[in-house]
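Hello,

Here is the structure I promised to pass on to you. Have a look at it first, and then read on for what turned up in it.

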Amino acid sequence: MMPIRDAIPDDTVLLHWLVLDEIEDDELDTLTDLLDSGDRAKAERCRSPTDRKASLASHALIRATLSRYAPFFPAEWRFAAGLYGKPEIDAGPDEPPMRFNLSHTCGLAAVAVSSRDPVGIDVERVDSARLALDFALATFAPAEGDYLRRLPAAAQTAAAYRFWTLKEAYLKAVGLGLSVPLKQFAFTLDGPSIEFTHRIADDPARWRFHQCQPTSDHMLALAVRRDRPGELRIDARATTVADLLGR
């Protein structure tokens, strides 16, 4: 067990990301020291070097980030899947009740960690070939589709990814996955903020959202369910392999 660390403040959510293209091969090898045997086996099953890098780096990112705020070495963390597969800390009586969520895509991994608030995060590489406008218009809520139609063609792809990552972040925060139809909740990008149809028993006032572009090619969205009063601070920053290794 590691020495006691400072806890994450109750008013703060950590939002850290790792640019995968900046990781050298020898650095990637050192990240395996932060993983347990299950993480290593999962990475070895990846068919491509790119997927293996994403798997190793993303799991090292969550383990090292958690260990900055709790007295456990990165490889000591144990996780369990919730009802819809959302990973959670398999907490024992001596372990802190932190909440987290992880996302990775081509070239980027990101993690959100909170002392207690449920969080969801999604990162995507912005590419019109991966998220076609016709698909977005057919899948998103009507108000979102109307917003996209009014935009100039050159701005539609970026806006579609803003909606997509916000929707994914919300679904990951509630832990229900795509069991909730995407048309039953809608975002406005000014804020951002959320609204629900009558079929979803949720309160928009409980939710806080944050969105940014960690790189020129990526979109990131964070969803936080805040069931208590007070402002929320987002500690958003890039991290490096040296940071994860404590150098």
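A41 counts as partly exposed, because its relative accessibility is 31%, and partly exposed covers the range between under 20% (buried) and over 50% (exposed). Please keep in mind that this is a predicted model. A41 sits in helix α2, which runs over residues 37–44.

**The chain as a whole**

Stepping back, you will find 7 helices and 11 strands in the chain. Along the principal axes, the C-alpha atoms fill a box of roughly 55 × 40 × 30 Å. The radius of gyration is 18 Å, which agrees with the value near 18 Å that a compact globule of 247 residues would have. Of the 247 residues, 49% are buried. Among contacts with a separation of 6 or more, 61% are between residues 24 or more positions apart.

The chain carries 30 positive and 37 negative side chains, with the centres of the two sets 4 Å apart.

**The cores**

Which residues touch the most other members of the largest nonpolar core? They are L31, M98 and V113, in a core of 31 residues. Two or more residues each come from β1 (12–19), α1 (25–31), α3 (49–67), β4 (99–105), β5 (108–114) and α7 (241–244). Helix α3 gives the largest share, with 8 residues.

Leaving out residues up to four places away in sequence, V113 touches I8, T12, V13, L14, I62, T65, L66, M98, R99 and F100. Another core lies apart from the largest one; this other core has 27 residues, including L131, L148, V180 and W207.

**One more detail**

The peptide bond that joins G191 and P192 is cis, with omega at about -15°.

I hope this helps you find your way around. Enjoy exploring!

Best wishes

Note on methods: Residues numbered from 1 in each chain as written. Predicted model: local features only at pLDDT ≥ 70, side-chain atom pairs only at ≥ 80, totals over all residues. Heavy atoms only, no water. Helix = DSSP H or I, 4+ residues; strand = E, 2+ residues; numbered from the N terminus. Rg over C-alpha atoms; globule rule 2.2 N^0.38 Å. Buried < 20%, exposed > 50% of the residue type's maximum accessible area, 1.4 Å probe, protein only. Contact = heavy atoms within 4.5 Å. Lys, Arg positive; Asp, Glu negative; His and termini not counted. Charge placed at Lys NZ, Arg CZ, Asp CG, Glu CD. Core = buried A, V, L, I, M, F, W, Y, C linked by side-chain atoms within 4.5 Å.
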